[in-house]
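Work through the exercises below with the model open. Each task is followed by a stepwise solution.

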There are 2 protein chains.
Amino acid sequence: MGSDEVNATTSTGARRSRLEPELRARVAKRFLEGEYRFTRNREALVATLAAADRPLTIPEIGVAARTLAVSSIYRNVAMLEALGIVQGVVTASDFAHYELAEDLTEHHHHHLVCSSCGAVEDFVAPAQLEDSVRAAARRVGRKSRFRVERHSVDFIGLCPNCV
Amino acid sequence: MGSDEVNATTSTGARRSRLEPELRARVAKRFLEGEYRFTRNREALVATLAAADRPLTIPEIGVAARTLAVSSIYRNVAMLEALGIVQGVVTASDFAHYELAEDLTEHHHHHLVCSSCGAVEDFVAPAQLEDSVRAAARRVGRKSRFRVERHSVDFIGLCPNCV
DNA sequence: ATTTATGCAAATCGTTTGCAAACCT
DNA sequence: AGGTTTGCAAACGATTTGCATAAAT
């Protein structure tokens, strides 16, 4: 079916970069509140996600933090997600994608999802769209028992590589 | 017009119903164009999805079409997706969810996705939201090489069952 | 009669988990 | 020390696939 290649050498932004102090402090705080340790590996994982300009898969994270065992990446990503530091992005890809939570990045955005290869790109929506989405969310909250926590607006189509 | 439905039917909402003739004809046409056979099992599968008011998982489809082997459901759903009859819905659930394609249902809608249990409900968005989304989609088409085919607006949160 | 669809069971592969050694405070 | 974290390998489970049989045209 889907040839779902994740070429990890594409532009994922900076190489093994350090975490900016301010972000580092905020992440460290959440770790300590959760009574977890802020190890070098975990810092590298967060730094990798912070440096990327799009959600990354576990294999992609593994390339950037190659000292870390794959199983540990899975474990850490799950923990980071529980701590609200990382957020999963669902796509049709074989691999799950992860990105930093928005309250850490201060950068509300949405995704362009390729229906062919599952690749994900970020994009920032016009203010008008955000206003409409928020209004609709409030309305759902009024009309049903579903408690809306956040929203996602995805544009699904074909990325440049898939024509 | 005024009623955007947030139908929360019980977990197994689909009854073994027959396919309405008009829809049946349109689906059958696509099968023949694809040189596939419109078997009783496949008709039952489409009927099950048509009768549901939300995207279903493969196990849920299996309950409604219990004569069909699970592997055949997977195979048929994949084929239906390739034919554009069925559309996958990505959630955090362990199971993929599927629904009839929108050009068959004539019923454009979006989803409330439970972040806890992965359940999915349909909801119809206000016209204003749809206008904003379409405008943003056009803008993406202009500003990038990504070819937008469709969009999805999901509200993620907690369903009534998950408090 | 010939081609396609189905059922069954085995294989696949991303992800999870158990456990002993390595690590942090 | 007393705990947590890590690596390794084995386990897990949703989905896929090979092949012989059944059904459709």
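Contact means heavy atoms within 4.5 Å. Helices (H or I, at least four residues) and strands (E, at least two) are DSSP runs, numbered from the N terminus. The model is predicted: local features need pLDDT of at least 70, and side-chain atom pairs count only at pLDDT 80 or more, while totals for chains, interfaces and linings use all residues. Side-chain values use heavy atoms, without hydrogens or water.

**Exercise 1.** Find what covers the buried residues of α2(A).

Step 1. Locate the helix: α2 of chain A spans residues 40–51.
Step 2. Pick its buried residues (under 20% relative accessible area, 1.4 Å probe, protein chains only). They are Arg42(A), Glu43(A), Leu45(A), Val46(A), Ala47(A), Thr48(A) and Leu49(A).
Step 3. List the cover. It includes α1 (21–33), α3 (58–64) and α4 (70–82) of chain A. Strands β1 (56–57), β2 (86–89) and β3 (97–100) of chain A also take part.

**Exercise 2.** Describe the protein surface near DNA strand C.

Step 1. Collect the residues with a heavy atom within 4 Å of the strand. There are 19; the closest are Tyr74(A), Arg37(B), Arg42(B), Thr67(B) and Ala69(B).
Step 2. Sort the residues: six nonpolar, seven polar and six charged.
Step 3. Find the largest contributor: α4(B), with four residues.

Technical notes
Residues numbered from 1 in each chain as written. Chains lettered and ligands numbered in written order. Expected span 1.5 Å × (residues − 1). Buried < 20%, exposed > 50% of the residue type's maximum accessible area, 1.4 Å probe, protein only. Nonpolar A, V, L, I, M, F, W, Y, C, P; charged D, E, K, R; others polar.
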